[in-house]
Amino acid sequence: MDNPVLTRILHGMKTDLIIVGGGLNGPALALATAQAGFTVTIVDSLPLDTRKRIDFDGRSYALALASKRLLSGIGIWPQIADNAQPMLEIKVTDGRAGEGPSPWMMHFDHAEIEEGPMGFMVEDRHLRRAFLDAMAKDDRITHLSGETVVAQSVDAGGVQVTLASGTQISGKVLIGSDGRKSGTAERAGIKRTGWGYGQTAVVCAVKHEQPHGGIAHQFFMPAGPLAILPLTKDRSSIVWSESDARAQALMAMNDAEFLDALRPAFGSFLGQISLTGARFSYPLGLTLANSFIAERTALIGDAAHGVHPIAGQGLNAGLRDVAALAEVLESARARGEDIGGAQTLARYQTWRRFDTATLALATDTFNRLFSNDNPILRAARDIGMGLVNAAPGLRRSFIREAAGLTGDLPRLMRG
């Protein structure tokens, strides 16, 4: 640091938007707003080398069709399209491990809507690298990796953050995209409401003998759902929700023992299975920020809302935040308004809070309804699935919901 000009830049940066969090939602917002003409600084706690790792670690995401539109709009989709697996069908069944699925089921087929596949499965590594490459090419984005925010303050003119390295950044809006335990939200005085489910998700990927045909399976078992989601090259992503104690035991097993435990739940419909990549686990719960905004501050993604993965909507809800906030900020600037003003940010909260509260309630209700072995509830939900499956109009509405095509869509998600 013997360059006085560089030292001055690093210790007194100015930007329109300061985004804290370098996962997926933060970079998506950085690209969306930079392409609208804003200058953006993104603060990422992970080192760049860690983000850039290309080895497959088992983590993947279900991207709804609306999210694919957003990624196309910000130039990311062409970089990941060859590694994206279309989800052509979704089969939802009820049952117990080792007994096979209930005859009652819901079957959703993309052919029932005109827009195309309901969604796509994309590996975390491909998304991360595409975001990093796109941000590196945009001179309106400054990406500070391996940095953490230790302080933030606001006044009538803007917002300031201080990093652990001593760097100070001034901006007009601060966006927290730093997860369920958001430091941005905490420093802004935003409280949270939520609870745990006593469940833990075990996440991995398997290779199998038979092709999956682009079909996603959601198998509801007494302890929690098992999702089998199609990946490219005859592989599937597994999200297995179990009781905390059982999940801990599963994570302690070696690979052979784990596969022996998984097979009765997975079944034999895809032939023999083998693990590919690592196993991860994370506790399941619901957490909602009591407000998505504070003075000159907005929250997106898990910093605003963390829901059960039962419907695979976590990242999709975050990307809808991204599209909505980008549109609100661009519209405010076009009207000559303060992009960090209270009225501007209130529009974002009004747009997104009801939608996310509804999603949280739906996932919470579904999980409580299906994650049990009560014979009365089992009969009721099986009949309910059968009725939905027998009603084309209702089935089509579920398909459109899964594709993210309902509600007040931001421009970037309208295709």
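The structure is a predicted model, in which local features need pLDDT of at least 70 and side-chain atom pairs count only at pLDDT 80 or more, whereas totals for chains, interfaces and linings use all residues. Residues are numbered from 1 along each chain as its sequence is written, and side-chain values use heavy atoms, with hydrogens and water left out.

With a relative accessible area of 17%, Arg279 is buried (buried means under 20% relative accessible area, exposed over 50%, partly exposed in between, with a 1.4 Å probe and protein chains only). The side chain of Arg279 takes part in a polar contact of 2.9 Å with the side chain of Asp255. A polar contact is a pair of N or O atoms within 3.5 Å; within protein, one must be able to donate a hydrogen and the other to accept it, and residues adjacent in sequence count only if both atoms are side-chain atoms. A polar atom of the Arg279 side chain also lies 2.9 Å from the backbone oxygen of Met253. When neighbours within four places in sequence are left aside, Arg279 is in contact with Val203, Cys204, Leu250, Met251, Met253, Asn254, Asp255 and Phe258, contact meaning heavy atoms within 4.5 Å.

Strand β19 pairs with strand β14 (residues 192–208) in the antiparallel sense over 10 bridges; two strands are taken to pair if DSSP finds at least two bridges between them. Within this pairing, Ala289 of β19 is the bridge partner of Arg192. Strand β19 is also joined by 2 bridges to strand β22 (residues 305–306), again in an antiparallel arrangement, and Leu288 stands opposite His305 of β22.

At the level of the whole protein, 13 helices and 22 strands are present. For 415 residues, a compact globule would have a radius of gyration near 22 Å, and the value of 22 Å for the protein agrees; this radius is taken over C-alpha atoms, and the globule rule is 2.2 Å times the number of residues to the power 0.38. Along the principal axes, the C-alpha atoms fill a box of roughly 70 × 45 × 40 Å. Buried residues account for 52% of the 415 residues. The protein exposes about 17,600 Å², of which carbon and sulfur atoms supply 55%; accessible areas come from the Shrake-Rupley method with a 1.4 Å probe, and for residues only the protein chains shown count as cover. Of the contacts between residues at least 6 apart in sequence, 74% join residues at least 24 apart.

An open sheet is formed by 4 strands in the order β1-β12-β11-β10, with mixed pairing. Its edge strands, β1 (13–14) and β10 (149–155), each pair on one side only. Strand β10 runs antiparallel to strand β11 (residues 158–163), to which 6 bridges join it; Val149 has Leu163 of β11 as its bridge partner.

Strand β2 (residues 17–20) pairs with strand β3 (residues 40–44) in the parallel sense over 4 bridges, and the bridge partner of Val20 in β3 is Val43. In a regular strand the side chains alternate between the two faces of the sheet. Both faces of β2 are covered, with Leu17 and Ile19 buried on one side and Ile18 and Val20 buried on the other. Thr184 lies in helix α7 (residues 183–187) and is buried, with a relative accessible area of 0%.

Helix α6 (residues 124–137) has 14 residues and should span 20 Å at 1.5 Å a residue, in agreement with the 20 Å between its end C-alpha atoms; the expected span is 1.5 Å times one less than the number of residues. Because 10 of the 14 residues of α6 are buried, the helix is largely enclosed by the rest of the structure. The buried residues include Asp124, Arg125, His126 and Arg128, as well as Leu127 and Phe131. Leu132, also in α6, counts as buried at 9% relative accessibility. Residues up to four places away in sequence not being counted, Leu132 touches Leu48, Arg51, Lys52 and His143. The C-alpha atom of Leu132 is separated by 35 Å from that of Gly224, 92 residues apart along the chain.
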